[in-house]
Amino acid sequence: MASRVSLTQLRLEAELDRCRAECQWDKVPALVELLHAARVHEDDDYLTLVMAEALLEECLLENLDLLRSLTPLLDKTQPKLCRAKSLLNAVLSRGCLMPRYLNEALLLMAKVHYVQGRYWDAQGMCARVGLEELTKEDQPTYHLRLLAEAFAIKGLSLDHQTVSAVSRVRLSEREEESMSCFLRACDAALSYMQELDKTVMTPHSKTGKSTLPPVDMELGYFLQAALQSAYLCLLQRGHLAQGAHQLRRVLRVVESRGSQGFRKSAARKLAEVLLSSVSEDSYWPPLGPPPSAWLHREGAAASKDAIYPTVKPPHRYSSDSCFCPQDVVEEAVLVLLITESMSSGEAVISRLPDQAEARQASLRDATSVYDLLTIGMARRGQYAMISECLERAMKFSFNEFHLWHQLGLSLMAAGKGVGAVSVFKECTRLRPEDPSLPLLAVKICINQLHWLEEALTLSQRVASMGKEAGEFLPRAYLSVGLCYSLKASEASLRADRNEFNKKSLRALSKAQSLDPQDAQIAMYLALQLALVRQVSAAMEPLQIALSLRGDDVHSLHLLTLLLSAQKHPQPALETLNLALSQHPSNFNLLFTKVKLEEALFGPAAALQTCEEMLQEWQSRYDVSRSSETDDSSSLPIAEKSEVIPGARKPSIHLTLPDFQDASTSSLSPSSVAASRLEAALSEVSDMSSTRRQGPTYIWTTLERIWLQAGELFMADGRLKEAQFCIAEASCLFPNSHSVLLQRGRLAELRGHLEEAKGLYDEALAIHPTGESILVHMSDLLD
């Protein structure tokens, strides 16, 4: 019978130790009652100590917001605190505790002093604690928690004491002492959670049972402070390198189930530091110490963890065969993607009222992660990946405008126009008073999707808001004018075209009257006037646009075209050269220059500009080099050639052909102005026949250059060279109506009229409203 009672007592004591380790304070009173009934610890005050601890910890959990705001807790408003304090005073005054339990009582009294704002008394209590007792082997798991909290309380008490009468040397010593306490507290807290994880996953030696805790335990105020104070204190003091180093140290600790929330907050903080304070040039690898230059700038000789050895180091992951980021953005994005996976998996999606607070907290955590991911990925242009991450967040983002807005912007940047328009419509439903949202959808409808009716409807909705649209009202009328202008260009009936042009002019004039200082509105008004053949009237708004923005490439280009339309080719060319001096690589300006040079100096001079365009295309869109590099790398293109050993300069050389005989080439003035004979024509043909990489517009630009050169060669009577240029364009887009038109013209010049008619028919089948095709077909039939 005695052995059975003894076994029951052991089980109760073991269960009490487990509850203290797992912070299950609601179960402590019942266990204390059972131990009282079993007449355990009759000769000391251990059970009274445990009851005081349970009351104190419950009070602290109920007042976390007050503790975070450093608001002292008062006895008269906190009955649990008052009761715990009286029990602790009684225990300490009687002196009936073993040394091990006396240390626990002193630490609990230090907590009481701290939460009541008596920091000197809290520090004094910590000084009386024998920490060596808490660090002995075979101690209960909760002793590691008490050790971490002791260091945290001491460090926080040192930080919160007044410093007005303290010398600078003493202040520095106090800061170093508090930092050493925070570092030791962090390691002890991490070790505590690892040991707790092992304890609950293996049967207890005394009870033979194992109990599984919840996935993520609720950390108390002092345990949270023990985990976070080290890196937060370093960052607040401006020690960014040492703060980042401490964050990396804690993230390399072997994960335990109780540390999930802490790891997420630490990962977010590390990403913030990396993205906001560490440049590409000053980045150092995660496994290495901070650079000496950083430490010297922060007034330290070595990192704090090397100066202050820990009392209980936690287990860390091995660095063997692990992936190591190569730059600051790569590390930040990697850390955030892992955090995003945890945040989205643990997000609260229940809409029940009692889950509202938890739902808002998880949403705030997830939103901060997605915002940082957006910053990091945008630096690498990874907009498609941003949109994929944000799409995963939609499951818990019902009626959450910020995440919907971010998703719309990312889809817009990634070129996913249909999805972006749908998302912006949802954003408009969430905030109907915001005029910028439908205008973003209008921009996509016009630029990417060519949904003119949809764009017109959305623009008119903003215009109908009137003064409530504020500064967006002129933009709404600008969008309306652009939609009508584009509809006019597509109208097949003249009456419809005239009606759309009138509506466009009215809307654009209204936009300019609302905002006469908007250079873009003035430029589009001038463009619309030019489209309806009111060239002289177009000069006035264009001059206004240029006076507001003299370097705008579109306004300068439009001025060139207007001067040319007024039969002033030389001033037009001078204006164009001025625009090219500011925008030397603009292909639209260069194509216009070719037309003006052909009109002024003949096709031979214009061919020289065509060759310059080929060289410009070659240097800007270096497809041979980009195909040899790894598209998955996060390094900028400029850096790839420096770090990739196989990167080399392209061997392909683009230039215009010259098939003239050597005996006659010197007699032909066109051969002198034309491009030099290509060194290796086979290389050009090989490049044109390879699989095209990159956006389509870069290859349509190359097609236009070849066709323009072919047209100039035909005008110069050099049909063999023209055939070569058209063949190169045909290798890029063999079914292009522009290519078929030029092939038809070439066949017509050679007298192959039936072949030319067939090619014109094919071009019209692809582009039935092509005016140039219809003109050449009519000339052929005449």
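Is glutamate 195 buried, partly exposed or exposed? I find glutamate 195 partly exposed, with a relative accessible area of 26%. Cut-offs: buried is under 20% relative accessible area, exposed over 50%, partly exposed in between (1.4 Å probe, protein chains only).

I note that the model is predicted: local features need pLDDT of at least 70, side-chain atom pairs count only at pLDDT 80 or more, and totals for chains, interfaces and linings use all residues. Residues are numbered from 1 along each chain as its sequence is written, and side-chain values use heavy atoms, without hydrogens or water.

Next, salt bridges (a side-chain nitrogen of Lys or Arg within 4 Å of a carboxyl oxygen of Asp or Glu). My search of the whole structure gave 36. Glutamate 195 pairs with lysine 198, closest N and O atoms 3.0 Å apart. Both sit in helix 10 (residues 168-201), three residues apart, so about one helical turn separates them. Helices here are DSSP runs (H or I, at least four residues), numbered from the N terminus. Lysine 198 is partly exposed at 41%.

I then checked aspartate 518 and arginine 475, which form a salt bridge at 2.8 Å, N to O. This pair links distant parts of the chain, 43 residues apart: aspartate 518 lies in the loop between helix 24 and helix 25, arginine 475 in helix 23. Aspartate 518 is buried at 12%; arginine 475 is partly exposed at 30%.

Last, I looked at helix 24 (residues 494-514). Its buried residues include Phe500, Leu505 and Gln512. They pack against helix 23, helix 25 and helix 26, with contact meaning heavy atoms within 4.5 Å.

How values were computed
Helices (H or I, at least four residues) and strands (E, at least two) are DSSP runs, numbered from the N terminus.
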